[in-house]
Amino acid sequence: MSLSRPSVLFVCVHNAGRSQMGAAFLTHLSEGRVEVRSAGSAPAETVNPAVVEAMAEVGIDLSAQKPKLLTTDAVQASDVVITMGCGDACPIFPGKRYLDWQLQDPAGQGVDAVRPIRDEIEHRIRGLLADLGIEARA
């Protein structure tokens with residue numbers, strides 16, 4: 001881990017749902033004590049509108065976020081890489097901690113279907129912060 005603050009990268013295929021929610025929750029709950037990135041192996045044009053709506057319900061604004069392409073540099077610069085259904089598209093480097101979070105894909109789902117995915121991601125982010133020794137915002 002970095003001496004200053006740990007760095008976490010969230011990866012899914014389109015970087016339009018799960019990885020965006022993970023990055024947003026980690027940024028919010030860590031209050032800047034974690035460097036956060038997200039990317040997709042085949043990024044979409046926009047973040048899933050149902051994801052934006054579901055996150056707005058918990059006070060997190062994703063409306064200005066744009067899906068980003070996964071790069072080797074982003075993986076190399078991260079201490080922890082959390083994959084969320086990107087399969088073999090994520091490069092593996094020694095010395096990185098990899099977690100594979102099996103979560104339902106919110107693509108094509110309405111906000112009612114996205115809420116339980118959102119809540120599961122928040123729960124996992126709180127656990128990740130505990131593992132990193134960082135107290136989550138209340």
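Which residue in S3 does Val8 stand opposite? I looked this up first. Val8 stands opposite Val80 in S3.

Notes on the model. I am working with a predicted model, in which local features need pLDDT of at least 70 and side-chain atom pairs count only at pLDDT 80 or more, while totals for chains, interfaces and linings use all residues. Residues are numbered from 1 along each chain as its sequence is written, and side-chain values use heavy atoms, with hydrogens and water left out.

Strand S1. I took helices (H or I, at least four residues) and strands (E, at least two) as DSSP runs, numbered from the N terminus. S1 covers residues 7–12, and six of its six residues are buried, so the strand is largely enclosed by the rest of the structure. Buried means under 20% relative accessible area, exposed over 50%, and partly exposed in between (1.4 Å probe, protein chains only). I noted that Ser7, Leu9 and Val11 point one way from S1, and Val8, Phe10 and Cys12 the other way. In a regular strand the side chains alternate between the two faces of the sheet.

Partners of S1. Two strands pair if DSSP finds at least two bridges between them. I found S1 paired with S2 (residues 35–40) in the parallel sense over six bridges. Phe10 has Ser38 in S2 as its bridge partner. S3 (residues 80–83) runs parallel to S1 and is joined to it by four bridges.

Arg118. I located Arg118 in helix H4 (residues 111–131). Arg118 counts as buried because its relative accessibility is 7%.
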